[in-house]
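Please open the model in your viewer and keep the selection panel at hand. The stops below are meant to be taken in order.

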Amino acid sequence: MSNSLTSVETALLAFDPDEKIALLNGIVAMAPMPISPEPRRLAEPGRPPKPILISPKKVPKRGLGSIEGRAALLHALAHIEFNAVNLALDAIYRFREMPLAYYEDWLQVAKEEALHFTLLRDYLQKSGFDYGDFPAHNGLWDMALRTDHDVMVRMALVPRILEARGLDVTPGIRARLWSVGDRQAAKILDVILRDEIGHVQIGNRWYHWCCEQRGLEPVATFVSLLRDYAVPAYPGALNHAARREAGFSDEELALIESLQS
């Protein structure tokens, strides 16, 4: 158990993307996490010195009509996927005494997020760019810090909110890339959307498991968490089909939509 935990921590703290992915791929099996030693609170996971992190409001927007514009968009997605690798590793490292299936699920998520990052980075490199060439923001890890005290809160607000928003926006981004003739980028997003449905489903499963263990009603608890953590509403339309496939009930979808106004 301690060796598995050490391997996860080492991968989480690795700053070089290639090293992080190699370490991740070396974690072949998980065992239930020990109660001690207690996980360290990480202000930041391992990440390279670039991209430079700036406020989300200051990230420049570029059109998709140019190679640079499409590279900037896919760089933003690559940054999300790199952060998602760290988030999945942190879900394993941070929360102890969960069932074995929980660790197996999040290890699978981490490996699929790493694949997404690799596909996007390969695209950037073939376009004459690389990961780190554009500025990015740190919104995903900020939420990880806010939820690092409770696995139920993490499951509620990261996969069910932040990652689920990817289910809503990815089809539109994919359509825009296809419309400008970038078939390669569009096909990468097809892979990402397919896998992200499963990742959100995993978050849904473990959120509901936590609620059941604590005798909490899932929908009412979710409403309370959204308000307690001042989660901003997503202004766009929900992808009902993908969210249902990922395990959201019609009641939950109606609730999320009611909180958008």
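This is a predicted model: local features need pLDDT of at least 70, side-chain atom pairs count only at pLDDT 80 or more; totals for chains, interfaces and linings use all residues.

Residues are numbered from 1 along each chain as its sequence is written, and side-chain values use heavy atoms, with hydrogens and water left out.

Begin by selecting Tyr102, Trp106 and Leu157, the residues with the most contacts inside the largest nonpolar core, which has 80 residues. Such a core is a set of buried Ala, Val, Leu, Ile, Met, Phe, Trp, Tyr and Cys residues joined through side-chain atoms within 4.5 Å, where buried means under 20% relative accessible area, exposed over 50% and partly exposed in between (1.4 Å probe, protein chains only).

Next, colour helix H3 (residues 67-94), which gives this core its largest share, 14 residues; helices (H or I, at least four residues) are DSSP runs, numbered from the N terminus.

Stay on Leu157 and show what surrounds it: leaving aside neighbours within four places in sequence, Leu157 is in contact with Met143, Thr147, Leu162, Leu225, Leu226, Tyr229 and Val231, contact meaning heavy atoms within 4.5 Å.

Finally, select Leu115 in helix H4 (residues 100-126), which counts as partly exposed because its relative accessibility is 40%.

Note on methods. Helices (H or I, at least four residues) and strands (E, at least two) are DSSP runs, numbered from the N terminus.
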